[in-house]
Amino acid sequence: EAALRSRNMEEFRRVLHAAKNIIVVAGAGLSAASGIPTFRGAGGMWRSLEAVSLATPEAFDQNPSLVWQFYHYRREAALRAQPNAAHLALAKMMVPSILARVAPAAQSFHLITQNVDGLSTRAIQAVAEERRSALSSPSPQDLPNPSCLIEMHGRLFDVRCTQCNHTVLDFSSPLCSALHEADKEHTSVIQAGQKEHEVKIPVSELPKCSECGSLARPGVVWFGEEIPLLEDIDKIVAEADLCLVVGTSSRVSPAANFAMEVRANNNRTGRVAEFNIESSSRGPVDFRFIGECETELPEALG
Ligand code: BJW
Ligand code: ZN
């Protein structure tokens, strides 16, 4: 099995060397090693609720207080977390001089992430800082290009108005005191061993738009909502000849279709490599690296 594994890795490296336009489609598994819970499977619950049932416009319309408490928890978790080795390995691929070594034929590299936790942006910043301190006068070729990153499901730290769409990037936490109070109350109930009950925050005390005063919402993409810049993403997918599928259950479209689309490109010469702790792809894949992406990816891209 070890021999098979290393043959797989060798063959993957050959394909990587020849690839012209590389995309990575990432999901919650990319951030698992950073301590961010995934959506499905173990860790997919928040309090006693299913995380996916809270990520809908209907849930927010019915109970903005509960959905905001969920996102407050997610923001706090993301703020505490650090990018892991997989985030860093992908951020390095955004450095033109590194890409030229790892994938010498590559004209483009894009990380299309479904994650909203901001950890890939922080990995880009970390790689940039590391390069600036290692090289005396780095050129743009030596620094990661942030436009290689596409956060297709939005960002936890964008706060967007439900009425006028005014959006601010806000890393402060709590966003308002009611969210902090609700969190404290819930924690003390749990610690006292009492039955869980829902803390209800009136809409007037939830985060508001700084422009028009209406209720604000997290700047993420919920089920049934449009993916921003989908046309740009579709173009990038249509040109790709290698797709790495990293830590996603491939249950949510359109992201779940990207690998199949790449495989069909160029008279079906596109290639797909999966990095997951279990096989989860929707269609056939050419390379399967079953294991934690935080160990497999740095090796495959090393
Ligand atoms: C490891 C690991 C380690 C663990 N190493 N691996 C019927 C009704 C309504 C809509 C639809 C419908 N049928 C289809 C649709 C479309 C819908 C959809 O796909 N639904 C399906 C569920 C059926 N899609 C949409 O609605 C999208 N919009 C759209 O299509 O718009 C069309 C439109 C056009 C014009 C006008 C209007 C609309 C939007 C989808 C938005 C998804 N949003 C969420 C929430 C984001 C905000 C937030 O984070 O709170 O995105 S849902 C949730 O799922 C989140 C994730 O990004 C997404 C994907 O989950 P992911 O990342 O795959 O996580 P998991 O947990 O499922 O998997 C983790 C994986 O990691 C597992 O495989 C593990 O094995 C692995 N793993 N540790 C490697 N260490
Ligand atoms: Zn507004």
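This is a short walk through one protein model and the ligand in it.

Hello everyone. Before we start, please keep in mind that this is a predicted model, where local features need pLDDT of at least 70, side-chain atom pairs count only at pLDDT 80 or more, and totals for chains, interfaces and linings use all residues. Residues are numbered from 1 along each chain as its sequence is written, while chains are lettered from A and ligands numbered from 1 in the order in which they are written.

Let's begin with the overall layout. The domain assignment gives domain 1 (1-36 + 83-153 + 227-302) and domain 2 (39-80 + 155-220); such bounds come from an automatic or database domain assignment. The C-alpha centres of domain 1 and domain 2 are 30 Å apart. Nine residues from domain 1 and eight residues from domain 2 make up the contact, where two residues count as touching if their C-beta atoms, placed from the backbone, lie within 7 Å. On the domain 1 side, that contact has three nonpolar, three polar and three charged residues. For these classes, Ala, Val, Leu, Ile, Met, Phe, Trp, Tyr, Cys and Pro count as nonpolar, Asp, Glu, Lys and Arg as charged, and the others, Gly among them, as polar.

So where does ligand 1 lie? Domain 1 and domain 2 both give residues to its shell, so ligand 1 lies between them. There are 36 residues around ligand 1, and those that come nearest are Gly 27, Gly 29, Thr 38, Gln 114 and Ser 249. Here, a residue is near a molecule if its C-beta atom, placed from the backbone, lies within 6 Å of it. The elements giving two or more residues to this shell are α2 (29-32), β10 (271-276) and α12 (293-300). Helices (H or I, at least four residues) and strands (E, at least two) are DSSP runs, numbered from the N terminus. By class, the shell has 17 nonpolar, 12 polar and seven charged residues.

Now let's look at one helix, α9. Helix α9 covers residues 177-191, 15 residues in total, and reaches 21 Å from first C-alpha to last, close to the 21 Å expected at 1.5 Å a residue. That expected span is 1.5 Å times one less than the number of residues. Which residues of α9 are buried? They are Ala 178, Leu 179 and Ala 182. Seen down the axis, the buried residues of α9 fall within an arc of 100°, so they line one face of the helix; the arc is that of the directions from the helix axis to the C-beta atoms. They pack against α5 (64-80). Turned away from that buried side are the exposed residues Ser 177, Lys 184, Thr 187, Ser 188 and Gln 191. Buried means 20 or more other C-beta atoms within 10 Å of a residue's own, exposed means 12 or fewer, and partly exposed is in between, with C-beta atoms placed from the backbone. After α9 comes Gly 193, with a positive phi near 70°.

Finally, some backbone details. In the loop between β7 (167-169) and α9 we find Pro 174, and the peptide bond from Ser 173 to Pro 174 is cis, with omega near 0°. The loop between β9 (242-246) and α11 (258-268) holds Pro 254, where the bond from Ser 253 is also cis, with omega near 5°. Is Ser 250 buried or exposed? Ser 250 is buried, with 20 other C-beta atoms within 10 Å.
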